[in-house]
Amino acid sequence: MREIRFRAWDIENKVMCDVSHIFIANMVIPQTIMVSVGSEMKHCPDDAILMQFTGLLDKNGREVYEGDIVKTVLIDDELIGTIEYGVPWGCFYLGITNKHGSRIALHTVFEWLYEEEGDAIIAEIIGNIYEHPEMLKET
């Protein structure tokens, strides 16, 4: 079973933080979600943006989270995309922008992380969408 962990982008201070606690006030409409970032409490998504750990590591042993920018290879083509969660599979996937400017889901995270022939890890985290947005503009 994988460990459930989160990190958060602190919007005000523009830093990535570990999250120690998540508080959900379900007796309030709309629901209030707050995260403990260091010694501060932040409201989501107004003050902090949560990103979940996928349970996987890249080829350098770094933890892969939602919002990470990764580089991988598909049939001799180097691709850069972001780790996203949701449609179409209800799981983490590698989202890329195709040559026509449309967002597409290329692979589920597990598929692109490991080569088809064996268990060699081929994906590498090169940044994240909050600290390194310029990396996505180059693709």
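This is a predicted model: local features need pLDDT of at least 70, side-chain atom pairs count only at pLDDT 80 or more; totals for chains, interfaces and linings use all residues.
I take buried as under 20% relative accessible area, exposed as over 50%, and partly exposed as in between, with a 1.4 Å probe and protein chains only. By that cut-off, 32% of the 139 residues of the protein are buried.

**Ground rules.** I number residues from 1 along each chain as its sequence is written, and side-chain values use heavy atoms, without hydrogens and water.

**Overall.** I looked up the secondary structure and found two helices and twelve strands. These are DSSP runs numbered from the N terminus: helices are H or I with at least four residues, strands are E with at least two. Along the sequence I read β-β-β-β-β-β-β-β-β-β-β-α-β-α. I then looked up contacts (heavy atoms within 4.5 Å). Among those between residues at least 6 apart in sequence, 44% join residues at least 24 apart. The accessible surface comes to about 8,800 Å², and 53% of that belongs to carbon and sulfur atoms. The method is Shrake-Rupley with a 1.4 Å probe; for residues, only the protein chains shown count as cover.

**The four-stranded sheet.** I found an open sheet with the order S2-S1-S6-S7 and antiparallel pairing. Strands S2 (15–18) and S7 (63–65) stand at the edges with a single partner strand each, so one side of each has no neighbour in the sheet. The twist from one strand to the next averages 35 degrees. For such angles, axes are lines fitted to C-alpha atoms, for helices over the stretch in contact, and angles run from 0 to 180 degrees between N-to-C directions. Pairing needs at least two DSSP bridges between the strands. S6 (residues 48–57) and S7 pair antiparallel over two bridges.

**Lysine 14.** I found lysine 14 in the loop between strand S1 (6–10) and S2. Its phi is near 55 degrees, a positive value in a residue other than glycine. Lysine 14 is exposed, with a relative accessible area of 58%.

**Aromatic pairs.** I count Phe, Tyr and Trp rings (six-membered ring for Trp) as paired if their centres lie within 6.5 Å; planes under 30 degrees apart are stacked, over 60 edge-to-face, the rest tilted. The structure holds three such pairs. Tryptophan 9 and tyrosine 130 have ring centres 5.6 Å apart and planes at 15 degrees, so this pair is stacked. Tryptophan 9 is in S1 and tyrosine 130 in the loop between S12 (124–128) and H2 (134–137), so the pair ties together parts 121 residues apart in sequence. Tryptophan 9 is buried at 9%. Tyrosine 130 is partly exposed at 26%. I also checked phenylalanine 53 and tyrosine 65: centres 5.4 Å apart, planes at 45 degrees, so the pair is tilted. Phenylalanine 53 is in S6 and tyrosine 65 in S7, twelve residues apart. Both are buried. Phenylalanine 53 also stands opposite tyrosine 65 in S7.

**Aspartate 68.** I placed aspartate 68 in strand S8 (residues 68–74). Aspartate 68 counts as buried at 2% relative accessibility. Its side chain reaches the backbone nitrogen of tyrosine 65 at 2.7 Å. Beyond neighbours within four places in sequence, its contacts include Arg7, Glu63, Thr82 and Asn128.

**Phenylalanine 92.** I found phenylalanine 92 in strand S10 (residues 91–97). Phenylalanine 92 is buried, at 10% relative accessibility. Phenylalanine 92 and glutamate 66 are 26 residues apart in sequence and 7.6 Å apart in space, C-alpha to C-alpha.

Definitions and conventions:
A polar contact is a pair of N or O atoms within 3.5 Å; within protein, one must be able to donate a hydrogen and the other to accept it, and residues adjacent in sequence count only if both atoms are side-chain atoms.
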